[in-house]
Amino acid sequence: MHLFLSFFLCLLLARMYIAKCQSLRIGHTIRVLDVKPLLQDYNKPDSIPSMGGLFVNLCILITSFLTLKIDPFLILILLSLILFSILGLVDDLGKKDKAELSARTKFFLEFIFSCLFSLFS
């Protein structure tokens, strides 16, 4: 039930979310020639919203709070989802300003988050 509700929530809200990201200029310009699978879908370089992970995670959080029984373990899982989403958000926003996190920094933070969550589980 939860999976289907998250999926349909994503389907219903995806167009509005993408339009809002494009109007706010959230995303980064990519060269389609650099990404071969995109050549068949795009005819010209365009600004592609890079905040898809945030959208999917918001749908998961909304449906989790609406349909699941809240217990300490679920809160820990949702907190880990939120922290990793914030890390992805910071990285995506950094790409826009050419100040993205280095791979080493991202890995280090992910490792620290994982260690913290394993200690509390």
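# Helix packing and burial

Q: At what angle do the axes of helix α1 and helix α2 cross, and within what distance do they come?
A: The axes of α1 (residues 2–23) and α2 (residues 52–67) cross at roughly 135° and come within 9 Å. An axis here is a line fitted to C-alpha atoms, for helices over the stretch in contact, and angles between N-to-C directions run from 0 to 180 degrees. Both numbers matter for the description, because two packed helices are described by the angle between their axes and the distance between the axes.

Q: What makes α1 oblique to α2?
A: Angles under 35 degrees count as roughly parallel, over 145 as roughly antiparallel, 65 to 115 as roughly perpendicular, and the rest as oblique. The crossing is at roughly 135°, so α1 is oblique to α2. As for handedness, α1 passes α2 in a right-handed crossing; that's the name when the near helix is turned clockwise from the far one by less than a right angle, with left-handed for anticlockwise.

Q: What kind of model is this, and how are its residues numbered?
A: It's a predicted model: local features need pLDDT of at least 70, and side-chain atom pairs count only at pLDDT 80 or more, while totals for chains, interfaces and linings use all residues. Residues are numbered from 1 along each chain as its sequence is written, and side-chain values use heavy atoms, leaving out hydrogens and water.

Q: Which residues of α1 and α2 meet?
A: On the α1 side, they include His-2, Leu-5, Leu-9, Cys-10 and Tyr-17. Their partners in α2 include Leu-54, Phe-55, Cys-59, Ile-60, Thr-63 and Ser-64. The residues of this contact divide into 12 nonpolar, 5 polar and no charged. Nonpolar covers Ala, Val, Leu, Ile, Met, Phe, Trp, Tyr, Cys and Pro, charged covers Asp, Glu, Lys and Arg, and the others, Gly among them, are polar.

Q: Why does Ser-64 count as buried?
A: Buried means under 20% relative accessible area, exposed means over 50%, and partly exposed is in between (1.4 Å probe, protein chains only). Ser-64 comes in at 2%, so it counts as buried. This α2 residue is in contact (heavy atoms within 4.5 Å) with His-2, Ile-70 and Leu-78, leaving aside neighbours within four places in sequence.

Q: Why is His-2 called partly exposed?
A: His-2 has a relative accessible area of 23%, so it is partly exposed. His-2 lies in α1. Beyond neighbours within four places, it is in contact with Ile-60, Thr-63, Ser-64, Thr-67 and Leu-68. His-2 and Thr-63 are 61 residues apart in sequence, yet their C-alpha atoms are 6.5 Å apart.

Q: Is Asp-91 buried or exposed, and how do you know?
A: Its relative accessible area is 7%, so Asp-91 is buried. Asp-91 sits in α3 (residues 72–96) and touches Glu-100, Leu-101 and Lys-106, not counting residues up to four places away.

Q: What makes Gly-53 partly exposed?
A: Gly-53 has 44% relative accessibility, so it counts as partly exposed.

Q: How many helices and strands does the protein have?
A: There are 4 helices and 2 strands, in the pattern α-β-β-α-α-α along the sequence. Helices (H or I, at least four residues) and strands (E, at least two) are DSSP runs, numbered from the N terminus. Of the 121 residues, 23% count as buried. Among contacts between residues at least 6 apart in sequence, 57% join residues at least 24 apart.
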